[in-house]
Amino acid sequence: MQATRDNVLGAYLRDRRERLDPATFGLPMTRRRTPGLRREEVAQRAHVSPTWYTWLEQGRGGAPSEVVLERIATALLLTDVEREHLFQLAFGRAPEIRAPEAVGITPRLQRVLDALTLSPAIVKTTMWDVVGWNRAATAVLTDYSALPPEQRNIVKLIFCNPRVKAAQDDWDSVARFVVAAFRADSARVADTARVEALVREVSALSPEFAKYWREHDVSAFGEGVKRLRHPVAGLIAFEYSAFSVDQRPDLGMVVYQPATRDDEERVRRLLNLQELASS
């Protein structure tokens with residue numbers, strides 16, 4: 001029985017399988033009546049039963065587990081976008097986020113940040129590590145380049161960095177929001193051990209974080225207003241918006257737009273001072 005129109009998962013698996021080149025895997029090219037890999041070859045690579053995999057393609061194998069579907073995605077050399085589509089077909093939702101070992105942003109995304117000359121902007125991971133920023137963020141928020149990579153974490157900065165803590169106009173509200181939004185993001189991280197380690201680390205350093213974490217509140221980052229008390233420029237108000245990064249589900253961009261012309265001028269002044277200090 002072939003994959004039918006109603007068996008969209010099986011049809012997709014078969015299509016991806018038939019697109020693979022056996023030579024890539026060192027497999028013999030003789031006696032192949034169909035393109036791509038054979039079902040039993042995919043099953044062997046995914047460490048599943050050939051019979052069960054055949055049934056899965058035919059729409060009669062039952063629902064696979066997430067672990068097995070991950071192995072099949074790996075066996076078929078699926079890209080991140082293809083893997084997400086596979087999970088959508090199988091479960092009706094996206095897979096858990098797999099944060100890369102070495103996180104970072106592309107030069108193109110950095111150019112987007114740099115184009116926002118008067119709007120502090122950062123790129124963060126689902127673990128809330130800051131991996132990209134622009135000059136305005138350095139001048140107004142934090143000089144992330146001066147921090148060790150393991151300290152470029154928003155949760156750590158809000159709860160454990162005295163300068164960042166003092167800059168918040170209403171620290172308690174900001175802190176509660178950070179915990180709730182981080183909890184929502186961290187639930188999508190597949191490596192729960194990393195989340196637990198960060199929670200333990202910050203809880204040991206901040207009783208407030210430990211208290212707020214126990215409250216189990218969740219929140220979306222979305223949009224809002226942020227007020228900072230800068231030691232040089234004084235109070236600056238921003239309207240912020242959060243954006244996802246296409247094809248990088250582990251990354252999100254946050255842009256802080258000065259709320260008024262006066263706030264814009266305060267940012268401009270800080271950038272001028274930054275330029276003078278570096279010249």
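A: Lysine 156 is buried, at a relative accessible area of 11% (buried means under 20%, exposed over 50% and partly exposed in between, with a 1.4 Å probe and protein chains only). A word on the basis: this is a predicted model, where local features need pLDDT of at least 70 and side-chain atom pairs count only at pLDDT 80 or more, while totals for chains, interfaces and linings use all residues. Residues are numbered from 1 along each chain as its sequence is written, and side-chain values use heavy atoms, leaving out hydrogens and water.

The side chain of lysine 156 meets that of glutamate 201 in a salt bridge, 3.3 Å from N to O (a side-chain nitrogen of Lys or Arg within 4 Å of a carboxyl oxygen of Asp or Glu). Because lysine 156 belongs to helix H8 (residues 154–160) and glutamate 201 to helix H11 (residues 192–205), the pair ties together parts 45 residues apart in sequence. Helices here are DSSP runs of H or I with at least four residues, numbered from the N terminus. Glutamate 201 is partly exposed, at 34%. Elsewhere, shared partners join Asp15, Arg16, Arg19 and Glu82 into one network of salt bridges.

Finally, arginine 38 bridges to glutamate 41, with the closest N and O atoms 3.3 Å apart. Arginine 38 is partly exposed at 26%, whereas glutamate 41 is buried at 10%. The whole structure holds 21 salt bridges.

Conventions:
Helix = DSSP H or I, 4+ residues; strand = E, 2+ residues; numbered from the N terminus.
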